[in-house]
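These are my notebook entries on a structure that is new to me. I record what I looked up, entry by entry.

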Amino acid sequence: MSDLTLKDLYFKFRNPETIKALANEIKKEAKNLKEDLRIMEICGGHTHTIMKYGLKQLLPENISFIHGPGCPVCIMPKERIDHAIALAEQENVILATLGDMIRVPGSKSSLAKARANGADVRPLHSTLDVLKIAKENPDKKVVFFAIGFETTTPMTPAVIKSAQKLGLKNIYFHINHVLVPPPVRAIMDTGEAKINAFIGPSNVSVITGTKVYQFLVDDYNTPVVVAGFEPVDVMESILMLVKQKVSGNLKVENQYKRATTDEGNLNAQKLINEYFEPRDFRWRGLGDIPMSALKLKDEYKDIDAEVVFADILPNEKIDDHKMCICGEILKGLKTPKDCKVFAKGCDPTNPLGSCMVSDEGACNAYYRYDRE
Amino acid sequence: MQITLSFGGGGEETNSLIHDLFYKNFSNEILESAEDAAVLNVNEKIAFTTDSFTVSPLFFNGGDIGKLSIVGTCNDLAMMGAKPKYLSCSFIIEEGLEYEVLEKIVLSQKKELEKIGVKIVCGDTKVVPKGTCDKIFINTTGIGEIQKENISAHNIQEGDIIIVSRDIAKHGTVIMAHRYDVETETKSDCKLLWEEVESLIKNNINIKALRDATRGGISAVLNEWSKASNIAIEIEEDKIPIDDDVTGLCEIFGFEPMDLANEGTFILAVPQNEVQKAVEILKQYNQNASIIGKVTKGNKVILKSPYGSKRYIDLPKGELLPRIC
Amino acid sequence: MCLAIPSKVLEIDENNVAKVDTLGVIREVSLDLVPEPVEVGEYVLIHVGYAMGKIDEKSALESIEVYKMLAEGAMSEEYEIDPNELATSDEPLLYKPKGENE
């Protein structure tokens, strides 16, 4: 075997000949399926890969995709975004968050609009930048609006630890980290989407390990293949799911062996458990799901923005725009094309719902790659 | 030394700025006659265009705002088959800008002007209070003599072939890298394009349409052409030349190279029987000149993957932000 | 679900911060979250300024070998995929000079 190069890690997993060969294999195997395969790809990144590389077009008719809720921006209810805006509008507060959040519409405004009106809003592409901003602005309060599933979660306590080490006392955290298993369970409990296979998230699994999806096999008799995020990974995973269904031998399989294990990153898990504990959370479109998100433990209430700034954070629960069906899309019941306002009033520059804002959102992916 | 408000006041400081910096470096008879307006002789039908330059950072790998201010406008003229001849140049300078910075910019402009003998024949200078402009804005307006008529986005027909002059997205990538403080060796493709265009014209290539792919990248141009000529354009994804460095930066930030700006890269539409000749000519200037697609019936821009799937390419929308999660 | 990209470790400093190369782009990331020791020349997955974990090179190479065999095997048999089912058009996309081979 030759040595691995960096380019191999990208392009060998996008190789056109491999994709064609896998498509061929899938077509052969899928002939033996007793029922149509309805695969939910949980993760928004996988939705993006499927749409960008046009993978749907390579599959036989008895395999279809149901887009999952794995987009941490899409599932953010408007009231949480209103929190971010309220914080940003405080004098002497710098509101920092990860890129996509800036454009998501809250009930009346967005962080982008708040910024245009003079609020100090900083989109980051590295959580570590929070430390830099805090150091450079000692007289300001830096609030980090933390979002993300398990992939992005450990970076927050890592930064908290670093802030403590550096003696930075002007950083606060508004935690909106969410977990993958609870909403997936909630979707399966309704039974409406009729999902009979799952493509498990790539990078969430690097942190959690593949073991966290065992409940889907045990409680719902549904196979899971944890897939890498490149088109070859997704195609190989589909083939693995087809084979499982045909053989009847259902389990959690790992296609993304180069980066994930059963157990996951125990360091990261330990760090998360040190600082956070689970809480109930209201998910956009999915409603209240118990123990589906994280919050800072009580002993960290001094840096918990929801405690420190409690008096300025709005309390109302806000419903979606009447015409927005993001909720049903996130549950896998409808596709963007079923939406009356898709591309007719709702588009990436004027999003009515968060599925259109985020690059991980199904509506955004359809708008970019599959619009007539 | 800093440029203060008095430099724009019209008095002695203004005069010395104009003479010592602008006249000295842009030296030509028309400019130095210092009349209220430049009097010009033009022999052919002319093309006339304007562009304003507000790029940040002012200096980047492969260029600066000065170079851009000449290249941008001259290329717009070249894209109409017009040889750039005369430019106007207006500066809006933020109070406090270092004189050396302005000088560096002007010297950069001088270098570009000399490459194809274009003259700045008139101009204007304003200095504005701090905070009312971001360091320096430049506007250049240009006149070119048309050497080949009828180059137009409305002329493209079914069967025409689309060629790109070199690898794409270098300029946009460099600016993104600067903005997000990421180290890269990539250089902007910022370059005057008249030589290439003149070569195509002199070799009698029947150029149907020509456009440099600036803001919005080749996605924007292809969509504009599709709409203007009411045609569909099919692009083969694996034929688009993209440098490894550009690929790397786009991976990190989640951008599509086709959406990123170029300042020295253009695409053209030519009839099938002229393609080989056109590519040969362009390859003399850059080895990466490539056929990337063809024109068909319809009204969308379609990207075809090498393994049989396709998707539509749309006009890039909104502010480009890095994809995180 | 979140954009995490493979990168090669070029240098590691005393604060456990690594300089990594992502297809030619050089950046700094923290190695604090990686459970095993990381060495220069190894590959890591990076996300929002941190390395999340190492890439198992052996596993990656094994996958690549399998894909190679799959692609080679597939090329020698007749494809069952009906070209009409795919999105490509019938005629050759690009201009082919008369009388010349591809």
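The entries below go from the model and its chains to single residues.

**Entry 1: the model and its numbering.** I note that this is a predicted model, in which local features need pLDDT of at least 70, side-chain atom pairs count only at pLDDT 80 or more, and totals for chains, interfaces and linings use all residues. Residues are numbered from 1 along each chain as its sequence is written, and chains are lettered from A and ligands numbered from 1 in the order in which they are written.

**Entry 2: chain C.** I looked up the elements of chain C and found one helix and five strands. Helices here are DSSP runs of H or I with at least four residues, strands are runs of E with at least two, and both are numbered from the N terminus. Along the sequence the pattern reads β-β-β-β-β-α.

I then asked what share of chain C is buried. Of its 102 residues, 37% count as buried. The term buried requires 20 or more other C-beta atoms within 10 Å of a residue's own; exposed means 12 or fewer, partly exposed lies in between, and C-beta atoms are placed from the backbone. Among contacts in chain C with a separation of 6 or more, 32% join residues 24 or more positions apart. A contact requires that the C-beta atoms of two residues, placed from the backbone, lie within 7 Å.

Entry 3: I followed strand β4 (residues 43-47) of chain C, which pairs with β5(C) in the antiparallel sense over four bridges. Pairing requires that DSSP finds at least two bridges between the strands. C:Ile46 stands opposite C:Ala51 of β5(C). Two residues lie between the strands of this hairpin, and C:Val48 takes a positive phi near 40 degrees. Strand β5 (residues 50-54) of chain C has five of its five residues buried, so the strand is largely enclosed by the rest of the structure.

**Entry 4: where chain A meets chain C.** How many residues does each chain give to this contact? I found 48 residues from chain A and 39 residues from chain C. On the side of chain A, the elements giving two or more residues include α1 (6-11), α2 (16-30) and α12 (266-275).

**Entry 5: the nonpolar core.** I looked up the largest nonpolar core and found 242 residues; A:Ile39, A:Leu95, B:Ile163 and C:Ala51 have the most contacts inside it. Such a core is a set of buried Ala, Val, Leu, Ile, Met, Phe, Trp, Tyr and Cys residues joined through C-beta atoms within 7 Å. Helix α11 (residues 231-247) of chain A gives the most to this core, namely eight residues. Leaving out residues up to four places away in sequence, B:Ile163 touches several residues, including B:Ile267, B:Val279 and B:Ile292.

**Entry 6: the domains of chain B.** The assignment, automatic or from a database, gives chain B domain 1 (5-146) and domain 2 (161-312). Their centres, taken over C-alpha atoms, are separated by 28 Å. I found 19 residues of domain 1 of chain B in contact with 21 residues of domain 2 of chain B. On the domain 1 side, α3 (65-78), β4 (82-94) and α4 (99-116) of chain B each supply at least two residues. The largest share, seven residues, comes from α3(B).

**Entry 7: helix α5 of chain B.** Is this helix mostly covered or mostly open? Helix α5 (residues 170-179) of chain B is mostly covered, with seven of its 10 residues buried. Among the buried ones are B:Lys170, B:His171 and B:Met176. Their cover includes β2 (59-60), α7 (217-229) and α8 (244-253) of chain B. After α5(B) comes B:Asp181, with a positive phi near 60 degrees.

**Entry 8: B:Leu303.** I placed B:Leu303 in strand β12 (residues 301-304) of chain B. B:Leu303 is buried, with 23 other C-beta atoms within 10 Å. Apart from neighbours within four places in sequence, B:Leu303 is in contact with B:Ile235, B:Glu237, B:Lys310, B:Arg311 and B:Ile313.
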